[in-house]
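Dear colleague,

Please find below the structure that I am handing over to you. A summary of the findings follows it.

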Amino acid sequence: MKHKLTISCSKVNLTKIRHFVAELLGGIHLTEVEAHKLVLAVDEVCANLIIHSNQCNPTKKIDVIVDVEEQKSITFIIKDKGVSFDLNEYKEPSMDEIVTSGRKGGVGLILVKRIMDKIEFSTEKNYNICRLTKNLGK
């Protein structure tokens, strides 16, 4: 079953995204920790799209689509028309680099990769699409 939320690219809307995802996950047999991890992963990707791809421009929109395949998987499809992101160009910083440089940020995608089973970025019909998949099969 698919559920969709469309919001403007403003950081204040991240709360709406977290609530939307958490509410949908409430109907799935997940532990509280697993559900929080999934909310965190979706929040991180949406924050990056709002801030970096769309420069917090409230006239731009992002779609968050949650596709639940009963007992098998859950896929989060996040679509926007901002600046596209190329996962192949992304060089994951080492933890040593992050700690020694004292920088804040830069660890979000590392977390997302550890939480989700599959991450895909693509461009289709003028939309940038990020697909995050978590397998539910035990």
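Does Cys9 count as buried or exposed? Cys9 has 0% relative accessibility and therefore counts as buried; buried means under 20% relative accessible area, exposed over 50% and partly exposed in between, with a 1.4 Å probe and protein chains only. Cys56, at 27% relative accessibility, counts as partly exposed.

Please note that this is a predicted model, in which local features need pLDDT of at least 70 and side-chain atom pairs count only at pLDDT 80 or more, whereas totals for chains, interfaces and linings use all residues. Residues are numbered from 1 along each chain as its sequence is written, and side-chain values use heavy atoms, leaving out hydrogens and water.

The structure contains zero disulfides (pairs of cysteine sulfur atoms within 2.5 Å). For Cys9, the closest cysteine sulfur is that of Cys56, at 8.1 Å, which is too far for a bond.

Tyr127 is approached by two lysines: the charged end of Lys79 sits over its ring, 4.5 Å from the centre, and the charged end of Lys81 also sits over the ring of Tyr127, 4.7 Å from its centre. A charge sits over a ring if NZ of Lys or CZ of Arg is within 6 Å of the ring centre and within 35 degrees of the ring normal.

Yours sincerely
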